[in-house]
Amino acid sequence: MVLGPGGSGVSVVAAAAALRHTTHPPAGVRLGAERGTLLVSLDSRSYLPERLGVLRLPGEPVAVTADVDLLQLDPLSVLEQAWSEFTGALTAVSSGKALLPIVGSVASMAPGELSALPGVQEFLLLRRIRESATAGRWRRIVVDLSGCGDPFALLRSPTVLSAALERLWPRHARLAEAAEKPAVAQLSAAVEGIDRDCQDLADLFTDPHGVAVHVVVDAGDRGARALADQIAISDLMALPLRSVLVNEGAGGAAQVCAIDTARAVLGGDDTVQVTAVAAAPEAVDRLSRIRRVVVDLPTPGGRPRGSGALTVAHVSGEGLDSVFELAWDQGLPDPDRLALGRSGDDLLVTVSGFRFPVRLPSVLRRCLVTGADWHAGRLVLRFRPDPAVWPQRRTRTTPDGDG
């Protein structure tokens, strides 16, 4: 996944990475069987088809070279197709019966109205990418996230949608109603499937064994300022960051300074490569020129980062007097913008204006937060057991009243 602030050259870097180090299909393998790389664009108005010299066919893979395909997704088309399938299932389930009041209201909604439900459109885009990644047709997927607005909001969408489903129709309620009303079981199963998809997508895009995230920034002051936020949010979301690419076609002192800044922000983390993008001096508007952009994206490293590598330690006490610490490496460009909250089993963490729920380990779900600290790039939170829910040892009482 290639992402970065707007205007940093994310699309060109993603395209150049997709075209680089590709291999031709083995002899005897027909076109359409397993191929090398699929380049995915989430911007229906992207100029990538023109730059790569192929037809614009949203939703259909188009061959760019013998080993590279381009898939340009139109978010609204993806939404319309998925919604027509879902409302068709709702209509089949209801078949004139009096079910939940929400069924009739939902089935009558237009796809454009559905896009207002938090996370739906982004969720469907991510699901479409997952379908491509698991189709067995390509050996590598390169996703250009430049056309989706905020890429972090896109990757957060499964979590947001799952929370919205839980508020609209809590899991315990839908399972209970499905057990009592067989006619609701199919609808409940459909919602349950969406909820499972949310978890599956969240796990997929934070899997350090199969996914690598690459942040592209320009060599100016704007890129340097944005980089700290990009890395901090990646840490919070447990994204498997593998490289920072400083994009400056002419190179020079500004690029060297930006590379030094990136390494300082990473604090000596050797799992993330920092490199310069050697671009062609001409305008990068044709396939031949994109090929001249030298980009080497490191493969997935297999090591979790940020909140994905959190640790829990029992530091002192026993029983209700126990003290636990939860910690992970967390970038924090502005400590004054760090905010913490709690919602059920989730710790709500806000970094650089971006809020994300971090699921608490089971032992801490029955605890209360008593303090927090950030030092040397590591966020540490302290917990104590909540007497109201913490399991306590019961004593047996003898007939004479002695314990």
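The structure is a predicted model in which local features need a pLDDT of at least 70 and side-chain atom pairs count only at pLDDT 80 or more, while totals for chains, interfaces and linings use all residues. Residues are numbered from 1 along each chain as its sequence is written, and side-chain values use heavy atoms, with hydrogens and water left out.

A search of the whole structure finds 15 salt bridges, a salt bridge being a side-chain nitrogen of Lys or Arg within 4 Å of a carboxyl oxygen of Asp or Glu. One of them joins the side chains of Arg20 and Asp296, with an N to O distance of 2.8 Å. This pair links distant parts of the chain, 276 residues apart, since Arg20 is in the loop between α1 (10–19) and β2 (35–41) and Asp296 is in the loop between α12 (287–290) and β9 (311–316). Helices (H or I, at least four residues) and strands (E, at least two) are DSSP runs, numbered from the N terminus. Arg20 is partly exposed at a relative accessible area of 26%, and Asp296 is also partly exposed, at 41%; here buried means under 20% relative accessible area, exposed over 50%, and partly exposed in between (1.4 Å probe, protein chains only).

A network of salt bridges links Arg127, Arg130, Asp197 and Asp200. Within this group, Asp197 forms a salt bridge with Arg127, and the closest N and O atoms are 3.5 Å apart. The two residues belong to distant parts of the chain, with Asp197 in helix α9 (residues 185–204) and Arg127 in helix α6 (residues 120–133), 70 residues apart. The side chain of Asp197 also meets that of Arg130 in a salt bridge, at 3.1 Å from N to O. Because Asp197 lies in helix α9 and Arg130 in helix α6, this pair ties together parts that are 67 residues apart in sequence. Asp197 counts as buried, at 17% relative accessibility, and Arg130 counts as buried at 14%.

Asp346 is found in strand β12, which spans residues 346–351. With a relative accessibility of 16%, Asp346 counts as buried. When its neighbours within four places in sequence are left aside, Asp346 is in contact with Gly341, Pro357, Val358, Arg359 and Leu360, where contact means heavy atoms within 4.5 Å.
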